[in-house]
Amino acid sequence: MTQMNAQSTAISQNEQGHLGWLGPVRMLVITLIAFGYASTMPRGPQSAEYLGMFGYDPSWYGIQMIFMTSGFLALRSLQKHGSGLKLLASRLARNAPTVIIFALIVIAILFPLFSAPLAAGETRLGQHFLYFLKVVLCIEPNIITPGLLDNALYMCVIQGGLWTFRWGLIAFIATAVLWAVGGLRNPRLLAFLSLGMTLIYAAVVGYAVANPQASDNAMLQAALVGLRLGWAYVAGMCLFAYKARLRRSLVIPAGILAIAAIQFYLLRWTPFIEITATLGFGYLVFLVMTSPMPVPGFLRRLPDLSLGLYVYNWPAAQITLMLLPSLTPYPLFAISFPVTMLLSYLTWVLVSRKINMGVRNRLALQSA
């Protein structure tokens, strides 16, 4: 047991030494996502988020950064453990408990407290059962909640960013399959895949803009969202595959963002404004999360609450706004985000910490 504990500690310290900035960076990105969401919540879905850049909302950039980081970590895990099944099992063990807790909170607490009253003899059992299955299994994690938040500007939406979990699941399954057939072991092939997905995304966006009547096409919209998140995910894998060859200089992301600015302010609109800006922010995130600089003590002691912050920020803001409908964006964020942090911390203390430690130790022993 002493040997096992020593090995686990050494592995944890080794991972912290290489990606010690990962947790703080992810939490900062998710904080920006939460701020973007809160900035539109009192004003409605048609309102642009605060801190938008080059015509795109900070939440969109943030979500793409999360997917880019996930791609980086997925390939890192595969090269370390060599198994797509281990990748899927670890992601499931880390993510599922928090999603289950969230779904149970909605069903057992939020609905009884805040939903519209039922008529005599009515029950929500069937609705709750389907809701739980669709959210937890990622079949339809963005399912609306009739009866709860019926009068909100974002009507019946309590999930927020959970809609991305379905795309994350698809990305991880595709990653496991491609690894099994050898499609992710060659960096050049990975770079070709990344470039191809990016160009396809640009072409599909261009087609959608040129043909507004196609906006009601469900398949086209699904392709747009999937490619938008997919190219960022694969780009993250490329960052890991080529990390030893990439220059560690802030001039690079600054230059890429400058190119995005030139396109936005001086040239006609193209989808490459978004792509270039995302690459610039992504390179910046890559530089920070892989930085060899020592992590300050207060950040090193801070638990990684990323998943909880991502899951709870929207419902915390929605419920806060329902209780205090006169709030404007800044006070809404100032009140709701501490609630988000508290819920995230409680989930980490009571559930996630033990599960994450168990997953890490088991993978370490299997790789030894």
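Author: Aromatic rings

Ring pairs join Phe35, Tyr50, Tyr330, Phe333 and Phe337 into a cluster. Rings of Phe, Tyr and Trp (its six-membered ring) count as a pair if their centres lie within 6.5 Å; planes under 30 degrees apart are stacked, over 60 edge-to-face, and the rest tilted. This is a predicted model, in which local features need pLDDT of at least 70, side-chain atom pairs count only at pLDDT 80 or more, and totals for chains, interfaces and linings use all residues. Residues are numbered from 1 along each chain as its sequence is written, and side-chain values use heavy atoms, with hydrogens and water left out.

The structure holds 18 aromatic pairs. One of them is edge-to-face because the rings of Tyr37 and Trp314 have planes at 80°, with centres 5.1 Å apart. This pair links distant parts of the chain, 277 residues apart: Tyr37 is in helix α2 (residues 22-40) and Trp314 in helix α12 (residues 306-323). Helices here are DSSP runs of H or I with at least four residues, numbered from the N terminus. Both Tyr37 and Trp314 are buried, where buried means under 20% relative accessible area, exposed over 50%, and partly exposed in between (1.4 Å probe, protein chains only).

Phe264 and Tyr265 also form an edge-to-face pair, 4.8 Å centre to centre and with 80° between the planes. Phe264 counts as partly exposed because its relative accessibility is 32%; Tyr265, at 60%, counts as exposed.

Charges come next. Lys243 lies over the face of Phe240, 3.8 Å from the ring centre, and Arg248 lies over the face of Phe286, at 5.8 Å. A charge sits over a ring if NZ of Lys or CZ of Arg is within 6 Å of the ring centre and within 35 degrees of the ring normal.

Note on methods: Helix = DSSP H or I, 4+ residues; strand = E, 2+ residues; numbered from the N terminus.
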